[in-house]
Amino acid sequence: MTGSERLLAACRREAVDATPVWFMRQAGGSLPRYLAIRERHSVQAIARTPELSAEVSLMPVEEYGVDGAVMYADIMLPLGPMGVDVELTPTGPSIAAPIRSAADIGRLRPLDAETDLSFVMDAIRLVRRGLDGRAAVIGIVGAPFTLACYLIEGGPSRDHVVAKAFMYREPEAWSALMRLLTSSMAAYAVAQIRAGAQIVQLFDSWAGALGPRDYFNRVSLHTAQVLAAAEAVPTIHFVAGSAGILELVADAGGDVIGIDSGQSLAEAWGRVGRQRAIQGNLDPARLLGGWPAIEAGARAVLDEASARAGHVFNLGHAAPRETDPGVLRDLVAYVHESTTRTEIQ
Amino acid sequence: MNDRFLRACRREPVDATPVWFMRQAGRSLPEYRAVRERVTLAEIVGDPALCAEVTLQPVRRLGVDAAILFADITTPLAGIGVDLQIVDGVGPVIDRPVRTAEDVAALRTFEAAEAVGPLLEAIALIRLEAGVPLIGFAGAPFTLASYLVEGRGSRDALAIRRLLRDQPEVAAELLTRLTDMTVAYVRAQVEAGAQAIQLFDSWVGVLSPFDYERDVLPHMRRLFGAIDDLGVPTIHFGTGASGLLRLLAAAGGDVIGIDWRIGLDAAWRQVPDRAVQGNLDPSALLGSWPTAREQAVWVLGEVAGRAGHVFNLGHGVLPGTDPDHLRRLVDLVHGETARGPVS
């Protein structure tokens with residue numbers, strides 16, 4: 001099987017010759033080829049130049065042998081054209097004028113994905129062509145809740161208290177913001193699929209800050225609409241810190257449910273149901289230790305998945321930027337080799 | 001004395017569900033802010049009368065069913081030789097983090113009377129006046145170790161996790177020392193009059209079940225085992241630990257503290273043989289009272305009348321919280337759960 005076939009089959013819970021692997025935030029990081037590009041170009045410039053972003057997105061396939069090429073495209077990219085002044089800093093996105101009122105929301109524009117983010121679509125076309133089936137192109141979209149948190153907080157935060165206070169105090173403005181983000185992200189997902197994305201992963205980095213009642217009442221319906229818009233391809237629904245709301249996350253949609261490392265993969269799979277594929281969940285902090293610790297962790301994840309059809313190996317969260325590229329290469333080889341199913345070859 | 005809190009910890013019948021709030025003493029109360037205009041947090045902890053006063057403020061104003069000793073989780077660390085400052089807006093900061101075998105070996109043995117004498121005196125003062133049980137508390141060794149290795153609070157606690165990977169013997173020795181310290185600290189609090197103990201593991205949610213079970217659980221089990229003979233209820237609270245609840249319960253605790261990221265019903269099903277504490281989202285109190293009320297009623301609905309519920313927030317009271325909301329919340333919980341006197 002090619003990498004692309006392997007990953008797409010696993011997303012559909014079909015038989016595979018080996019468990020497919022990719023890593024969240026695999027593009028970029030500490031790859032020497034990437035660092036060389038970074039010496040000459042900013043993160044923003046790379047993201048906005050299709051040739052560069054395509055090159056960076058392809059690197060992990062060439063260097064690590066992963067089965068999916070996730071686009072080098074920060075989830076905040078759509079917010080600029082929507083009228084938000086976002087700067088990507090080393091500590092995360094920073095928004096000059098955070099949203100604090102219904103009037104602020106009224107000034108946002110709906111995203112015209114094909115036009116506003118034409119550089120992403122061009123990059124997807126280049127990656128798809130460059131891969132030639134070696135790996136599947138994974139488009140990424142930020143979930144409305146996570147984007148709303150950034151917009152209201154103005155940057156990353158631990159418990160998103162400002163955003164949640166806004167949600168409680170201004171329920172109508174909150175809904176209006178979520179609706180705008182939902183329609184825009186749905187359009188962004190569809191545009192990426194038209195450009196050639198074969199899988200779409202919806203990232204909800206912060207929904208784990210919500211209890212089940214708020215997630216269900218104020219968030220999941222919006223997430224569900226974005227996922228439904230992307231149904232032409234397999235979708236991966238990833239919520240970080242989802243152990244308390246996992247059934248609701250699965251109910252919102254996704255052919256594959258991404259699992260963070262704060263929970264047991266086997267238990268999580270039981271909760272989302274066997275009719276879903278599952279992705280995860282090696283603790284990214286393990287990548288910073290030596291190989292024995294990484295191998296032990298990877299082995300534990302594979303044991304929990306117990307060779308059931310529909311497991312996509314990944315980290316439980318984004319790879320630390322300082323991860324040694326050699327470690328990722330070894331990990332891909334390890335997962336492929338230790339899960340090879342000869343009967344399919 | 002109002003003992004519904006202690007009864008609930010033991011899963012005995014109560015006349016109404018007991019309520020207290022993590023960080024109930026602190027920045028949300030105007031009388032606390034008035035004290036803090038004059039003195040630092042360290043000065044409060046070092047002055048028995050002030051510490052007792054601050055501990056009792058929420059009991060008087062809010063009508064909660066338990067007092068919790070006012071101290072920081074890093075308070076005992078000076079007693080093992082750690083030089084630590086509490087910096088406003090940052091939290092505890094340690095100038096010389098503990099990172100090597102030599103650093104760990106240099107930590108002293110904790111002598112409670114010498115290290116936290118004023119705090120122990122405060123306990124006696126609080127007991128005279130409280131009219132409700134006094135909860136002592138301590139940080140769990142993993143969370144304390146994370147501060148010591150990192151030098152300050154950190155969202156992902158990477159420094160201690162890296163130490164666990166790269167120098168497992170050093171990390172294990174550090175956790176052992178901190179467990180010894182915590183045992184002595186907790187024992188001293190109970191001997192001074194604390195009637196229950198809450199162990200806070202604020203950073204434990206960064207760990208996978210695999211790592212928690214291997215690296216942390218054995219220390220927590222030893223800790224709970226070493227205070228079991230004291231005969232006071234123990235509350236084991238971890239933040240962001242929805243995926244670790246069974247392991248937390250396996251480590252110990254008569255009451256398992258639940259944060260707001262999981263429904264109380266789903267959480268309780270994972271720890272069916274324990275009392276449960278929680279779990280209103282503290283940020284729900286930043287909205288209007290009807291919003292907070294609705295959310296609190298939902299929490300009580302999740303309990304579904306089970307014995308052994310201690311109502312609390314899923315984390316500490318946030319600084320901007322209206323104290324009137326807290327007072328109304330206490331009344332609401334008592335009113336909604338009133339079952340008449342129990343014999």
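This is a predicted model: local features need pLDDT of at least 70, side-chain atom pairs count only at pLDDT 80 or more; totals for chains, interfaces and linings use all residues.

Residues are numbered from 1 along each chain as its sequence is written, and chains are lettered from A and ligands numbered from 1 in the order in which they are written.

Chain A has 15 helices and nine strands; helices (H or I, at least four residues) and strands (E, at least two) are DSSP runs, numbered from the N terminus. Its radius of gyration is 19 Å, close to the 20 Å of the globule rule for 345 residues, so chain A is as compact as a globular protein of that length. That radius is taken over C-alpha atoms, and the rule is 2.2 Å times the number of residues to the power 0.38. Along the principal axes, the C-alpha atoms of chain A fill a box of roughly 60 × 45 × 35 Å.

Of the 345 residues of chain A, 57% count as buried, meaning that 20 or more other C-beta atoms, placed from the backbone, lie within 10 Å of the residue's own.

Now the strand β6(A), residues 235-239. Five of its five residues are buried. In a regular strand the side chains alternate between the two faces of the sheet. Here Thr235(A), His237(A) and Val239(A) point one way, and Ile236(A) and Phe238(A) the other.

Which strands pair with β6(A)? One is β5(A), residues 199-204, parallel to β6(A) over five bridges, with Val200(A) opposite Thr235(A). The other is β7(A), residues 256-258, also parallel, over three bridges, with Ile236(A) opposite Val256(A). Pairing requires at least two DSSP bridges between the strands.

β5(A), α11(A) and β6(A) make a right-handed β-α-β unit, and so do β6(A), α12(A) (residues 246-252) and β7(A). Right-handed means that, with the strands pointing away from the viewer, the path from the first strand over the helix to the second runs clockwise.

Last, the contact between the chains. It takes 24 residues from chain A and 27 residues from chain B, where contact means C-beta atoms, placed from the backbone, within 7 Å. On the chain A side, α9 (161-169), α11 (212-229) and α14 (291-305) each supply at least two residues. The largest share, five residues, comes from α9(A).

How values were computed:
Two residues are in contact if their C-beta atoms, placed from the backbone, lie within 7 Å. A residue is buried if 20 or more other C-beta atoms lie within 10 Å of its own, exposed if 12 or fewer, and partly exposed in between; C-beta atoms are placed from the backbone.
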